[in-house]
Amino acid sequence: MSHLASKLWAFFCRDLQHEVSYRVSFLFQFAGSFFFVTTWFFISRSLAAAFQPPDELPGVSYFAFVLVGFAFFQYLQSTLNSFSSKIRQEQLTGTLEAMLVTPTPAALVILGSALWDYLMTTFRVGVVLLLGAGLARGFGEQVGFQVSGLPAFFVLLALTITAFAGIGILSAAFTVWLKRGDPVNYLISALSALLGGVFFRVEALPGWLQYISRLLPITHALEAIRKALLGGAGLAEVAGEMQILLLFSVVLIPLGLVAFVFSLRQARVAGTLVQY
Amino acid sequence: MSMMVQVEGLTKVFVKSRSLRELALRPFRRRERITAIEDVNLNIRRGEILGLLGPNGAGKTTLLKILTGLLVPTRGWGRVAGYDVVRDPTRVRLSLGFVTSEERSFYWRLTGRENLHFFGRLSNLTGAGLRLRCQELLERVELDDAADQRFMTYSSGMKQRLAVARALLHDPRVVIMDEPTRSLDPSAARHLRRFIQEELCGRQGKTILLATHNLEEAESLCGRIAIISRARIRIVGTLDEIRAAESPRDRYRIVLNGTLSAQGGPYRIVDEVAMEDSRREYTLEVDREGEGLTCFLREALNTSCRVVSCQRLELPLQEVFDRVVQADEEAT
């Protein structure tokens, strides 16, 4: 096993062992998703008549629309939080210093620390989608997931992860620098919920806000994933969004890593690496 | 390479952060600077244990953190196993192990073995090699029976021994220890000291930089001692060299049977105590060449005293330490 794979495996094992040691918490962490999905199912039923699906997704219900939006908004939140919260947690527990005196590069420490959250969120997104589909079926409705859209969905998922990861690493850089009150996290999270098309269509926003929403990766990710999952779109049909997400990834990941390495160096200069 | 740790002109200045009030009232005022270490020079030979002593806030931890790459120096340079701590931090970390007295640096809900496996992988160990190395170290620090218990159930001594095992995972040539026996009971501390001296230094020939407040520990373990005070290394040398530098005159305790009628000479009687019978105990300060002692003994014999005992008094390290620190405080 290469050093890189071995180190990522080490982070995975560590977090798995840690999570499993809190057995009840591990089992109940999905309860929140269940209640949220159920709440939105009934809200959706009362708003069903007023919802107009996008032109490319005729017949899609508001519940299906919001289910995909919520699932991937969780992804964004987890990405934003996992890097910064892990770094802060390691600062608090005193283990950051212990990791940084090993020959493992700081950037890998960051990526490895977030690995578990990524995997768990992926699992949780799957659970949310299946839960939503099951709930709808239980009440005689259909979410309408399209199997034909799965290849495009998985490619989009990978691109969404990398695009969000860039912002997450940037957020971690702010955490190392400011300790608390990371502005990237607050700003991107709030703007994405408001403008990213999570709970309502972007077209419902005033024109100038729609332009701003285009600057957020979640807007493109949600549009494409809905097309793939709910409309059965193939790779060619979501190529435009894929290119945009790729562009976000190419720009944001190096930017995040440079910012993180810079903030780490600044913390080493200022002596604030393990302060919290 | 005979020098495993080299430090020259190492200086670290911290810029103090300002409160909101200060920012509002004096926004353009230069931020206060705190010099943690200044112009530190130090060399540690292969296989040597060097003790770093100093009062709280003297700069010991700052020096150790620069050597481990956790802090960037403001000026000067440091090398570990020949690698520059700023330019080549990865090679430096491959060459050194860091034992911290900070218990929080482990994952408390993981077992001792799981913790070692995690840090072992981060130290480039993999597969069977990793498992064997962890087992070997757990046995060597006598934690093999408790290896599968959670770290949070360990006593302070066990936690400290696991910290030593962690620092040795990748078999580093240099081991830096920050107060390794701080939270240990006397027996556990003695055990760890023996391990450092006999196993790490004696058998494995590792170079050790040991920061400690425990002067007895420094005296028993370290070949050389460096005393740091107010950001500067004030003195470095063997214990005898430091004693000689701090006290150019020797002290003797002499017990005479009879009363000396001192004529005066190149000696100074620091203390004189009457004992039972007709014995008297003199504490004498004399020159190193022996002239004062010879003169005193001659006078004693001339006045028909019998010399019952004559013992050279070594200046305790505590007194040497106090003198260095006090002299430094007076100078500033």
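**View 1. Strands E1 and E2 of chain B run side by side in this predicted model, paired in the antiparallel sense over nine bridges.** Two of the residue pairs across these strands can be picked out by name: B:Val5 has B:Ile44 in E2(B) as its bridge partner, and B:Val7 has B:Leu42 in E2(B) as its bridge partner. E1(B) also pairs with strand E4 (residues 75-80) of chain B, again in the antiparallel sense, and here the pairing extends over five bridges.

**View 2. A second open sheet of chain B is built from six strands in the order E6-E7-E8-E3-E9-E10, and its pairing is mixed.** The edges are held by strand E6 (96-99) and E10 of chain B, each of which has a single partner strand, so one side of each is left without a neighbour in the sheet. From one strand to the next, the twist averages 15°. Helix H11 (residues 317-331) of chain B packs on the sheet, where it touches strand E3 (49-53), E9 and E10 of chain B, and the direction of the helix makes about 30° with that of E9(B).

View 3. E9(B) and E10(B) form a hairpin with two residues between them, and in the turn B:Arg230 has a positive phi of about 45°. B:Ser229 stands opposite B:Arg232 in E10(B).

**View 4. In chain A, helix H7 (residues 150-178) packs with helix H10 (residues 217-231) at an angle of about 165°, their axes being 9 Å apart.** That angle makes H7(A) roughly antiparallel to H10(A), and H7(A) passes H10(A) in a left-handed crossing. Among the residues that meet here are A:Phe153, A:Leu156 and A:Phe164 in H7(A), together with A:Ala221, A:Ile225 and A:Leu229 in H10(A). Sorted by class, the contact of H7(A) with H10(A) has eleven nonpolar, one polar and no charged residues.

**View 5. Helix H4 (residues 62-93) of chain A also packs with H7(A), here at an angle of about 35° and with the axes 8 Å apart.** The crossing of H4(A) and H7(A) is right-handed. The contact includes A:Phe72, A:Tyr75, A:Leu76 and A:Arg88 of H4(A), along with A:Thr160, A:Phe164, A:Ile167 and A:Val176 of H7(A). By class, the contact of H4(A) with H7(A) has twelve nonpolar, seven polar and one charged residues. Readers comparing this view with the previous one will find A:Thr160 and A:Phe164 of H7(A) in both contacts.

**View 6. Chains A and B meet in a contact that takes 26 residues from chain B and 26 residues from chain A.** On the side of chain B that touches chain A, the elements that give two or more residues are strand E1 (3-15), helix H3 (89-95) and helix H4 (112-122) of chain B. H4(B) gives the most to this side, with five residues. By class, the side of chain B that touches chain A has twelve nonpolar, eight polar and six charged residues.

**View 7. The domain assignment divides chain B into domain 1 (3-244) and domain 2 (249-314).** Taken over C-alpha atoms, the centres of domain 1 of chain B and domain 2 of chain B are separated by 46 Å.

How values were computed: Residues numbered from 1 in each chain as written. Chains lettered and ligands numbered in written order. Predicted model: local features only at pLDDT ≥ 70, side-chain atom pairs only at ≥ 80, totals over all residues. Contact = placed C-beta atoms within 7 Å. Helix = DSSP H or I, 4+ residues; strand = E, 2+ residues; numbered from the N terminus. Nonpolar A, V, L, I, M, F, W, Y, C, P; charged D, E, K, R; others polar. Pairing = 2+ DSSP bridges. Domains from an automatic or database assignment. Axes fitted to C-alpha atoms, helices over the stretch in contact; angles between N-to-C directions. Parallel < 35°, antiparallel > 145°, perpendicular 65-115°, else oblique. Left-handed = near helix turned anticlockwise from the far one by under 90°.
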